[in-house]
Amino acid sequence: MINVTRSSMPEFEEYTDEIRELWDSRWLTNMGVKHKRLQAELEAYLGCPHVTLYTNGHLALENALSALNLPEGGEIITTPFTFASTTHAIARSGFVPVFCDVNPEDYNIDITKIPELVTDKTVAIMPVHVYGNMCDVDGIQATADEYVLRVIYDAAHAFGVSCRGKSSACFGDMSMFSFHATKVFNTIEGGALCYAGDDWVLLLDQLKNFGIGGQDDVEYIGGNAKMNEFQAAMGICNLRHIEREIGKRKIVYERYIERLSGIPGIQLNKPQADVTPNYAYFPVVFDGYKYSRDDVFERLKENGIFARKYFYPLLNACSCYKDFPTAGAEKTPVAARIADRVLTLPLYADLALDDVERICEIIRD
Ligand SMILES: *Cc1c(COP(=O)(O)O)cnc(C)c1O
């Protein structure tokens with residue numbers, strides 16, 4: 001059986017060595033030594049002034065929205081071609097998700113369609129670097145500057161990606177990474193906010209720990225979103241091997257490209273100019289191919305290969321958003337077309353090239 005992904009892990013002994021001192025200190029969570037070390041190592045690796053760690057990426061997004069202190073009930077422009085977390089973070093924080101269409105080149109927000117969605121209630125843009133493809137970061141910043149909007153990137157897919165030598169962590173007001181087990185870099189569950197604004201460091205540290213500032217007061221009505229020491233230890237181990245893992249992904253990725261390019265009706269993810277990728281996902285769009293996406297999905301499944309229909313359904317087509325005035329997949333026709341045709345093939349560092357060959361043979365029949 002081959003799943004769409006398989007978690008990267010260090011050698012067992014490397015992890016047990018890393019967590020041994022937790023048995024001596026009995027300090028298991030609440031910003032201990034592992035948490036501090038991982039934070040510093042990520043700031044260095046990502047070249048980002050500030051990294052705040054979280055127990056998962058979703059709560060990082062919710063904390064970003066609460067730290068920015070945006071007007072209640074405001075509208076946030078985002079795309080429906082993403083994981084549920086992006087839209088949910090907006091809605092659960094009391095904002096209204098406004099769905100912008102994507103462009104067919106990189107499946108990211110189509111910046112030419114943002115201005116027509118801006119109203120006097122718009123407070124922010126939350127774009128997603130889908131599949132690790134970088135958004136048009138300059139275009140988005142120019143739009144945000146023109147309309148005075150905050151920009152929070154959902155960079156869950158973009159760990160290790162850089163654009164003209166600048167890390168994906170360094171754009172917008174804040175960027176969120178997910179360190180979930182299925183992502184390129186994992187801390188089992190986990191996430192981070194990356195940002196340059198010095199003012200947010202203390203606030204975010206408090207918000208993820210019930211809003212507690214010191215011994216004598218609770219300043220904010222915060223939740224609990226702390227990363228624990230075992231998660232941080234896994235991150236320290238996995239970060240040691242991140243370049244090798246991305247390198248192994250690249251080999252698998254390139255074999256897919258070799259076998260699937262030039263086939264009529266099969267569109268592959270296009271490389272982006274000036275971007276160093278992380279080979280996080282291998283999306284294939286079946287448009288005008290002799291078999292439909294669902295046919296290919298089923299045939300792979302019969303062979304024990306579990307691809308995923310990422311991202312289908314669109315968030316603006318999901319029942320939980322049906323009562324939102326912005327719902328309706330027909331309002332984002334490009335995203336709707338891709339969502340009906342896209343399949344994400346298995347891709348992970350240890351995927352055998354023989355398996356890639358087999359997957360491609362099934363697709364080509
Ligand atoms: C994984 C993911 C998240 C959420 O991350 P968790 O760490 O699982 O909470 C958010 N957005 C996108 C696009 C994701 O893929």
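Begin at Gly304, which lies just after helix 9 and takes a positive phi of about 80°; helices (H or I, at least four residues) and strands (E, at least two) are DSSP runs numbered from the N terminus. This is a predicted model, in which local features need pLDDT of at least 70 and side-chain atom pairs count only at pLDDT 80 or more, while totals for chains, interfaces and linings use all residues. Residues are numbered from 1 along each chain as its sequence is written, and side-chain values use heavy atoms, with hydrogens and water left out.

Next, select helix 9 (residues 293-302), where Arg293, Val296, Phe297 and Leu300 are buried, that is, under 20% relative accessible area (1.4 Å probe, protein chains only). Viewed down the helix axis, these buried residues fall within an arc of 100°, so they line one face of helix 9; the arc is taken from the directions from the axis to the C-beta atoms.

Now move to the ligand, which 15 residues surround (a heavy atom within 4 Å). Select Asp154, whose polar side-chain atom lies 2.7 Å from a ligand nitrogen atom, and Ser178, with a polar side-chain atom 2.7 Å from a ligand oxygen atom. Helix 3 (57-67), helix 4 (84-92) and strand 9 (174-178) each give two or more residues to the shell.

Notes. Polar contact = N/O pair within 3.5 Å; in protein donor to acceptor, adjacent residues only side chain to side chain. Buried < 20%, exposed > 50% of the residue type's maximum accessible area, 1.4 Å probe, protein only.
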